[in-house]
Amino acid sequence: MSDSFDAMDAEFDTVAAWTAEVVAGLALPDRIPAGCRGSGSPGALHWLLDHLQPQAQETFLDCGGGIGGPAAFAARETGVRPLLTDPERGACKAARSLFGLAALQAGSQLPIATGAIGAGWSLGVLCTVDDQPAYLAEIRRVLRPEARFGMIVYCAAHSGDLRLEPPEGNAFPTVEALERLLAEASLRVLSSGWTDHFAAFPANWEDVMATVQAELECHHRDDPRWKTAEEQSSKMGALLGAGEVRGKMLVLRPV
Ligand SMILES: C[S@@+](CC[C@H](N)C(=O)[O-])C[C@H]1O[C@@H](n2cnc3c(N)ncnc32)[C@H](O)[C@@H]1O
């Protein structure tokens with residue numbers, strides 16, 4: 001097992017499970033802000049949903065859905081029925097227990113029939129995936145011909161080395177490299193934008209996130225896995241703050 005796998009495991013499996021435990025014990029006004037890990041602000045999620053226009057009761061795939069905040073948000077705002085996939089057991093368990101979501105433990109091979117999905121998204125996932133072309137090809141495989149699929153992809157602002165250390169296990173394509181990857185996967189861009197064009201988080205989201213963070217710190221601050229996960233997320237925050245990496249929002253359709 002490589003160090004980079006350990007770091008991702010700490011962040012996306014162990015801390016996911018801890019978050020589910022902590023949230024279950026708190027009387028939060030809304031769990032969704034605690035369940036969004038990498039998906040940008042509610043403004044970005046609304047932008048995606050407005051462009052995707054999913055139908056109420058339609059199956060909505062959230063690929064790499066983490067602990068389920070974005071999928072629960074999509075269900076609440078549009079009435080879709082989310083189907084979440086994530087390779088991490090802790091994330092899938094958290095999505096089920098926190099939001100009652102259907103969650104399949106799966107990575108870049110989806111246990112979903114070819115052409116079965118009409119709408120969905122994958123948020124903040126591509127940079128964490130080992131084989132990015134295979135991941136996009138698999139998403140393309142499960143989409144219906146008329147499907148719409150949203151993504152948030154964290155892109156490097158320039159080619160070559162980033163000026164700050166990236167989180168372990170992450171690889172950020174430039175916008176040009178992303179365009180090539182999407183074209184090679186037969187996915188066409190219908191609309192795009194940047195997550196930083198939206199205000200970050202409303203105060204009520206910030207409050208929930210801060211409450212959960214404080215509780216997690218209180219329980220786990222001495223655990224090396226917590227420290228590793230925190231380092232991962234602060235490296236990501238520094239990259240975004242410095243403009244070295246930006247979140248690109250995309251609405252795609254198969255070609
Ligand atoms: C930054 S988190 C984003 C989680 C969620 N989309 C959100 O916005 O809250 C990245 C997620 O991608 C998952 N992931 C990593 N490799 C993957 C793969 N090959 N296929 C699907 N998901 C993957 C991780 O387990 C993790 O939950």
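Reader: Which side chain has an N or O atom 2.9 Å from a nitrogen atom of the ligand?

Author: That side chain belongs to Ser108. The pair is a polar contact, defined as two N or O atoms within 3.5 Å. This is a predicted model, in which local features need pLDDT of at least 70 and side-chain atom pairs count only at pLDDT 80 or more, while totals for chains, interfaces and linings use all residues. Residues are numbered from 1 along each chain as its sequence is written, and side-chain values use heavy atoms, with hydrogens and water left out.

Reader: How many residues are around the ligand, and which come nearest?

Author: There are 21, and Arg37, Gly64, Asp86, Ser108 and Leu123 come nearest.

Reader: How many of the shell residues are nonpolar, polar and charged?

Author: The shell has 8 nonpolar, 10 polar and 3 charged residues. Gly is counted as polar here.

Reader: Turning to aromatics, how many pairs does a search of the whole structure find?

Author: It finds 3 aromatic pairs, where ring centres must lie within 6.5 Å; planes under 30 degrees apart count as stacked, over 60 as edge-to-face and the rest as tilted. In one of them, Phe60 and Trp121 are edge-to-face, because their planes stand at 85 degrees, with ring centres 5.0 Å apart.

Reader: Where do Phe60 and Trp121 lie?

Author: Phe60 is in strand S1 (residues 59-63) and Trp121 is in strand S4 (residues 117-123), so the pair ties together parts 61 residues apart in sequence. Strands here are DSSP runs (E) of at least two residues.

Reader: Are Phe60 and Trp121 buried or exposed?

Author: Both are buried, that is, under 20% relative accessible area, whereas exposed means over 50% and partly exposed lies in between (1.4 Å probe, protein chains only).

Reader: What about Phe201 and Trp205?

Author: Their ring centres are 6.1 Å apart and their planes are at 20 degrees, so this pair is stacked. Phe201 is partly exposed at 29% relative accessibility, and Trp205 is buried at 5%. Together with Phe73, these two residues form one aromatic cluster.

Key:
Near = heavy atom within 4 Å. Polar contact = N/O pair within 3.5 Å; in protein donor to acceptor, adjacent residues only side chain to side chain. Phe/Tyr/Trp six-rings, centres within 6.5 Å; stacked < 30°, edge-to-face > 60°. Helix = DSSP H or I, 4+ residues; strand = E, 2+ residues; numbered from the N terminus.
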